[in-house]
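Please keep the sequence and the structure in view while reading.

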Amino acid sequence: MKETANKLWTESFVKICLVNFFVFVNFHALLPTFPFFITYLGGDAIAIGLATALFSIASILSRPFVGWLVDSKGRRIMLVLGMIGMALIPMGYFVSAGIATAVVLRTVHGAFHATSSNASSTWVILSPITGWARGWACTGSLWPSPQP
């Protein structure tokens, strides 16, 4: 067996680690700031809680469907679609006319978060079979925070 067959830090593995990093930066940059944005739009604590809850609910409920899409349509296309959504939805916050639009965008953002994080987590199979545990440990230790 070649030495490269057991190599964990391949170009593909580093790329998927970077993708995961940016998915979590996107999520964690908005987590503490979004309540202030809702307040700026005139929202109260209920609107803030609704927006936060709907993001999590959309992310959780869409994961089984997204998992099926990742298996049937392919990791790459779903990862690209998820990343596009993760990039475009936050830009929509800047043009949201009111609280309702921001809450709807935040809910859709949760589904795109599920898409990108599900698709990127399946890429651990890029590591050799003997390195799967190491691969999961390395990607998990780079950003030690739980997903919704």
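Contact here means heavy atoms within 4.5 Å. The model is a predicted one, and its protein chain holds six helices and zero strands, so that the elements run α-α-α-α-α-α from the N terminus on, helices being DSSP runs of at least four residues.

**Contact of α3 with α4**
- Leu69, Val70 and Lys73 in α3 meet Arg75, Ile77 and Met78 in α4, and by class this contact has four nonpolar, no polar and two charged residues.
- Helix α3 (residues 45–73) packs against helix α4 (residues 75–94) at an angle of about 130°, with the axes 6 Å apart.

**Nonpolar cores**
- The largest nonpolar core has 10 residues in all, among them Leu30, Phe34, Ala51, Tyr93 and Ala102.
- At least two residues of this core come from each of α2 (34–40), α3, α4 and α5 (99–121), and α5 gives the most, with three residues.
- Not counting residues up to four places away in sequence, Phe34 touches Ala51, Tyr93, Ala102 and Arg106.
- A second, separate core of nine residues includes Val70, Met78, Leu79 and Ala119.

**The chain as a whole**
- Of the 148 residues of the protein chain, 39% count as buried, while the accessible surface comes to about 8,400 Å², of which 74% belongs to carbon and sulfur atoms.
- Among contacts with a separation of 6 or more, 82% are accounted for by residues 24 or more positions apart.

Key
Residues are numbered from 1 along each chain as its sequence is written. This is a predicted model: local features need pLDDT of at least 70, side-chain atom pairs count only at pLDDT 80 or more; totals for chains, interfaces and linings use all residues. Side-chain values use heavy atoms; hydrogens and water are left out. Axes are lines fitted to C-alpha atoms, for helices over the stretch in contact, and angles run from 0 to 180 degrees between N-to-C directions. Ala, Val, Leu, Ile, Met, Phe, Trp, Tyr, Cys and Pro count as nonpolar, Asp, Glu, Lys and Arg as charged, and the others, Gly among them, as polar. Buried means under 20% relative accessible area, exposed over 50%, partly exposed in between (1.4 Å probe, protein chains only). Accessible areas come from the Shrake-Rupley method with a 1.4 Å probe; for residues, only the protein chains shown count as cover. A nonpolar core is a set of buried Ala, Val, Leu, Ile, Met, Phe, Trp, Tyr and Cys residues joined through side-chain atoms within 4.5 Å.
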